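I opened a new notebook page for this model.

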Amino acid sequence: TDDLAKAIPSNDNKPLEHGFSQGLTPPKGVTAQPRSPLPTGSTVSEANTSEKTGDQAAEGVNAVHGRLDRVRADAAGQALTTNQGVAIADNQNSLKYGLRGPVLLEDFILRDKLTHFDHERIPERIVHARGSAAHGYFECYEPLTELTRAAPFQEKGKVTPVFVRFSTVAGERGSKDTARDVRGFAVKFYTDEGNWDLVGNNIPVFFIQDAMKFPDLVHAVKAEPHHGMPQAASAHDTFWDFVSLMPESTHMLMWVMSDRAIPRSYATMQGFGVHTYRLVNAAGESVFVKFHWSPKAGTHSLVWDEAVKISGADPDYHRRDLWERIDAGAYPEYELALQVFTEEQAEQFSFDVLDATKIVPEELVPLRPVGRMVLNRNPDNFFAETEQVAFCTANVVPGIDFSNDPLLAGRIHSYVDTQISRLGGPNFHEIPINAPLAPVHNNQRDGMHRQTIHRGRVSYEPNSLGGGCPFQAGAAQGFVSVPARILAEEEQGKVRAKPEKFADHYTQAALFYESQTPVEQAHIAAAFRFELSKVTVPAIRTRMVASLRNASESLAQAVADGLGMDELPAPLPRALARPAKPEVTQSPALSLMARPGDGSLAGRRVALVVAHGVQGAAAERLQAVLSAEGAVAEFVAPRVGRVRGADGVDLEATASLENNPGFLYDALAWPDGEEGVATLAQDGHTMESLKDGYRHGKALLLVGAAQTLLDMAGVPTTTPTGDPDPGLVLADGEAGLDAFIAAIVRHRHPERETDPPAV
Ligand code: HDD
């Protein structure tokens with residue numbers, strides 16, 4: 001038994017649950033398998049060791065593996081058992097009195113199985129129900145000890161394991177990924193000094209300024225309560241009724257109506273901590289900070305028509321993309337940058353840094369890159385990890401502290417509170433995905449689903465019976481709140497009110513809109529038009545346009561035109577007649593075009609559309625070149641399976657135009673081959689793929705005979721202004737390959753766009 005106990009890292013009472021070969025003797029004829037070795041191939045350095053816990057990761061393996069490994073189950077070579085560990089002889093039939101007789105109540109095996117099944121679901125998150133997650137690590141570029149004592153930032157090259165969950169906000173757990181919505185970007189850092197959750201979004205501002213309004217906002221945006229529609233969409237009366245009555249949401253509306261709300265991938269969107277937080281160094285000195293994540297692959301989005309079509313063909317589009325990138329080793333990577341400023345600086349800004357509807361423009365406080373985050377491992381089990389992970393804004397570590405943002409204050413309460421009902425009690429911190437790597441010692445006891453077996457008779461402090469343990473850590477080790485004072489404020493006593501600058505609802509909305517390229521502005525106007533056209537009560541539309549006039553006359557006019565309004569309503573009265581003069585009126589960094597990415601093809605999906613009679617060898621070379629650049633290039637044919645090449649070189653189509661329509665790809669190519677092209681020309685799917693690819697601004701390559709398809713599909717070879725189309729590559733042989741690759745890197749070719757679309 002001693003040997004066995006040593007071999008098992010945690011619960012030595014129950015080796016059998018963990019698939020240990022030392023356990024149950026397998027039935028005759030079955031060989032017991034040794035436990036599978038820890039996964040390798042992660043790029044985490046060996047320095048990933050917790051000095052505190054003594055945890056040492058296996059070479060090349062994230063330390064978090066070790067901790068979760070104690071609860072991983074592997075049934076290889078094991079017999080089926082009940083939850084009490086009793087081996088099950090027959091898993092096909094209930095226990096009956098006679099072959100055609102009644103099932104017996106005593107069938108504890110049937111009841112064990114059904115009872116558990118009946119309770120397999122837990123309540124979904126009230127917001128951010130739909131999500132996808134991955135493991136990875138954060139690596140610090142340089143010590144930030146002058147700014148913070150937070151564990152992840154203490155050494156150059158220091159690696160901290162993370163678990164990241166991305167989500168949409170409004171839709172239910174099974175809703176589509178490509179809804180127009182904010183995306184959650186929640187990062188759990190398993191630091192040496194406890195868990196730090198940076199629970200952010202892909203948009204740096206929020207709809208409301210005070211947590212008091214959060215339930216109203218969420219009730220307004222979710223499906224309407226009488227008929228439960230629409231699913232995962234803000235395009236309905238109650239949402240626009242609420243936001244048009246809440247002018248503080250105008251800035252956020254600009255962002256959610258922009259292409260940021262329809263990202264191409266979780267790997268191609270930014271993340272933001274949103275609130276102003278504090279960094280605190282070992283001397284107790286603090287500065288304000290805003291957190292920014294920027295994707296290495298660049299910020300890329302879908303276009304609306306594409307997002308709508310994808311949601312039908314693949315509602316799991318973003319989940320699949322994240323999974324496949326990690327599976328293929330094209331690990332999503334993000335750089336963490338800080339905007340650091342002092343309280344005195346903040347006092348001088350034209351806006352209030354405690355107002356979550358405001359950004360700090362990068363031109364005012366530049367971004368300081370401090371590290372990178374790599375997502376390099378998919379979860380083993382969706383429920384155990386992605387569903388049960390509990391992020392809480394209250395989870396901060398020494399070196400990180402809060403500001404007085406009133407929205408943040410509500411969040412500090414709300415997340416812990418929601419997990420108690422969602423995860424069924426106060427011990428959700430013991431669920432493996434939530435458990436810190438740092439040890440936990442306190443006098444909290446009992447409650448639903450307690451895992452820890454506390455030893456001894458002492459569960460209070462101070463005590464002498466336990467030698468005074470666990471003892472207060474003191475200021476040197478423990479968390480100490482910044483003794484913040486409120487600068488330049490008179491003693492006001494308890495108030496339910498807001499500071500004056502909170503009432504400037506439009507200056508930054510204008511800043512965002514004015515900082516977009518003309519194409520992005522057109523998309524914002526089209527999104528407002530689409531959403532408001534779904535609103536059935538005309539007065540709500542009018543009120544929204546009246547509000548927009550305060551942010552941008554030209555946007556308001558474009559939206560009014562799109563809604564067939566004969567004249568513009570009078571602007572909504574402003575809460576603040578004379579807002580402070582903004583420091584900047586243009587911020588190019590706010591455009592999605594500001595972050596084109598590293599120029600690699602990694603993670604891009606390319607369809608090579610083929611049919612019997614294609615030039616097989618050339619098509620194969622095309623696939624090889626694109627794959628060598630990191631793209632996922634697959635043959636798509638009228639049917640899956642073998643495609644006969646005219647030159648005797650056969651291809652394997654892994655997708656069909658029916659099961660994977662063209663709009664699921666970033667780029668499409670039609671290789672040469674007269675007979676193949678003639679077959680494709682007979683297939684309506686080909687024309688749809690070509691038209692969609694053109695309309696969605698994608699890179700298109702047509703080689704030799706395939707160029708005849710353009711005319712048939714009604715796709716022009718120049719842009720509407722008569723200029724050459726940089727995304728449309730017409731080639732003979734291999735001549736156009738470089739141009740095609742350059743066009744894919746550019747992501748989309750919006751110069752083709754007309755409103756309404758010509759194709
Ligand atoms: Fe929240 C979930 C982000 C305001 C209350 N929120 C949730 C998640 C993210 C955010 C990413 C999903 C976490 C996960 O993947 O499990 N929320 C934000 C941001 C906000 C914000 C960036 C504004 C800056 N949230 C906000 C307020 C409140 C909440 C003001 C309430 C006072 N949020 C919740 C919640 C959720 C949640 C109800 C649902 C499930 C959960 O917490 O774990 O408590």
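I count two residues as in contact if their C-beta atoms, placed from the backbone, lie within 7 Å. The model is predicted.

**Entry 1: contacts of H128.** With that rule I looked up H128. H128 touches S167, V169 and G184, leaving out residues up to four places away in sequence. I found H128 in the loop between α3 (108-118) and β1 (131-140). Is H128 buried or exposed? The cut-off for buried is 20 or more other C-beta atoms within 10 Å. H128 has 23 within 10 Å, so H128 is buried.

**Entry 2: the annotation.** I checked the UniProt record, an unreviewed entry. Under "active site" the record lists H128 and N201. These two are spread over 74 residues of sequence, yet they cluster in space, with a largest C-alpha distance of 10.5 Å.

**Entry 3: N201.** I located N201 in strand β4. N201 counts as buried because it has 24 C-beta neighbours inside 10 Å. Its contacts, again not counting residues up to four places away in sequence, are V182, R183, G184, F185, F272 and V274.

**Entry 4: the ligand.** I then turned to the ligand. How many residues surround the ligand? I noted 27, and the closest are R125, H128, R165, G184 and G410. Two or more shell residues each come from β2 (159-168), β3 (183-191), β4 (194-201) and α11 (406-422). Helix α11 gives the largest share, six residues. By class, I recorded 14 nonpolar, ten polar and three charged residues in the shell.

Technical notes:
Residues are numbered from 1 along each chain as its sequence is written. This is a predicted model: local features need pLDDT of at least 70, side-chain atom pairs count only at pLDDT 80 or more; totals for chains, interfaces and linings use all residues. A residue is near a molecule or strand if its C-beta atom, placed from the backbone, lies within 6 Å of it. Helices (H or I, at least four residues) and strands (E, at least two) are DSSP runs, numbered from the N terminus. Ala, Val, Leu, Ile, Met, Phe, Trp, Tyr, Cys and Pro count as nonpolar, Asp, Glu, Lys and Arg as charged, and the others, Gly among them, as polar. UniProt positions are given in the numbering used here, feature names are shortened, and annotations may be inferred rather than shown by experiment. A residue is buried if 20 or more other C-beta atoms lie within 10 Å of its own, exposed if 12 or fewer, and partly exposed in between; C-beta atoms are placed from the backbone.
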